[in-house]
Every structure is written in structure tokens, then in C-alpha cells.
Amino acid sequence: MSLRTMFALRSLSRSTLLRYIAAAQFHATSNCRGAKVAVVLSGCGVYDGTEIHEASAILVHLSRGGAEVQMFAPDVSQMHVIDHGKGQPVEKESRNVLSESARIARGNITDLAKLNVSNHDAVIFPGGFGAAKNLSTFAIDGKDCKVNKEVERVLKDFHNAGKPIGLCCISPVLAAKVLPGVDVTVGHEEEEGGKWPYAGTTQAITALGAKHTVKEVTEAHVDKKNKVVTTPAFMCETKLHLIFDGIGAMVRDVLKLSGK
């Protein structure tokens, strides 16, 4: 820092100085090379689409890491529509996954069928029940589920290209179904008094021939062989900032594996 800059900073108010320092720290953490990352959404809202907090956390951490993001979603109907206040299905209502995902993407969303692996360095799938209802039939069929054909294509394309795949919350089941022998985490394998209410998912993962590794909510698990990075997120009943931290660990590992 030059003497001129130091004298200029002395004349700033405390609040202005703190904002200056925060901005400098933010830009210092950004990756100037800018990995190109595709984020695949499954609708809007935890019970019938993408978990919004998870999607936001992914986007914040990607921004902090200097990534260039493009969001995608399949152009298909949702399995059903849930009234999020009541937690009940809405009768005689249908919504489109691509249109609903546009809410999170602020309108800047692309049909998943147009995602080309050659245009991206990595792909990330947030969680939410949409991953188990709209991107696959896992919510109904468990280990016998089917995965949306475009989701399956994208997972296989990135895997075959040796490019990293990030998944959080329930979405690791997509990798477990599509990528034989993949090693993932959805957190703990016992409910532990309700702290891990979806712990039974681990049994379906192993039944699919995948491996499950126990991790805490603030941690990410890296399958180095397959370049698959996973974190539990809302599979755990805990404080939001801890989920945010775990997603940050996942995003950082994805960016590291991308080599950008």
C-alpha cells in the first residue's frame, strides 16, 4: 500500500473504512481465472423443487470464488405442487420445473437439454425434494428410481470428461444411481434423536452399489477418483450458517478440482 493510499484511508470515517477493507478482502479471495460452472435446479421451494437456501449458498460461494455461473433446469412438469405453508399437495395444479427454477435464477435460466459439457468446468446440483421428485423418482421408488434422461446425460458427460460434480443434501442419490461405485455423503447414518431425519437415505445409497462416508454438516466429502464432491446440507436439522459453511467447503473443493 502506497503512502498516498495510507493518508487517504486515515481521512475516511470508520464505517467507510470497514467497508473498504471488507471489499478488499472479498476481491482478494476471488479466483481471477474464473471457472465456468453449471448449476442445475429442480424447481423453486424445498418440498417440490430446489432448496432455495442451498441454491443461494452455492451461488454466493461461487461468486466469492470468482466463478462464472450458468443455471439450468429440465423443461418438464413437476411431480406435484406443494403448498409450503400447509405442507400438502395442491389439487389440480401443475407447474413447470424450468419456469419455476427461473424464480431463483432471476429469469436467467436455460433448458438442461442445452447444457454442453465442453462449455463448463464443473457442475453443481443443489438439494431440495425436487432432486428426488423432478430430477428423479427417488422420492417414490427409492433405490429402484429412474433419473431424468438429461440429468443422467449431464452426470455421465461430466464424469467421462473428468470434470468435477458437486451435489448437496439429497442430490447425491443422483450420482449414486448413475455413477457405479461412487463415494458420497449425506451426513450421518443414524437419526440421532431427529438431528439427521433422513439418515435412512444412506441405506438406499449403499443398495445402489455406491459407498457412503459419514461427514458432519460443515464438511464436504471428496471422491477423488470420480471427482464427485458432496455435503449434507439440510439432511441435518441444524443452524443455517453451519449448512452455509458445509456448502462453502463443497464449492471450494469443486473449484479446486476444476483446476481453474
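How much accessible surface does the protein chain have, and what percentage of it belongs to carbon and sulfur atoms? The accessible surface comes to about 12,800 Å², of which 51% belongs to carbon and sulfur atoms (Shrake-Rupley method, 1.4 Å probe). The model is predicted, so local features need pLDDT of at least 70 and side-chain atom pairs pLDDT 80 or more, while totals for chains, interfaces and linings use all residues. Residues are numbered from 1 along each chain as its sequence is written, and side-chain values use heavy atoms, without hydrogens and water.

The protein chain holds 10 helices and 11 strands (DSSP runs, H or I of at least four residues and E of at least two, numbered from the N terminus). Of its 260 residues, 49% are buried (under 20% relative accessible area, 1.4 Å probe, protein chains only; exposed is over 50%).

Helices α3 (residues 52–64) and α10 (residues 240–258) have axes that come within 9 Å and cross at roughly 50 degrees. Axes are lines fitted to C-alpha atoms over the stretch in contact, with angles from 0 to 180 degrees between N-to-C directions.

Two residues other than glycine have positive phi. K92 has phi near 55 degrees. This residue lies in the loop between β4 (88–89) and α4 (97–104). K92 counts as exposed because its relative accessibility is 88%. A233 has phi of about 50 degrees and lies in the loop between β11 (228–231) and α10. A233 counts as buried, at 0% relative accessibility.
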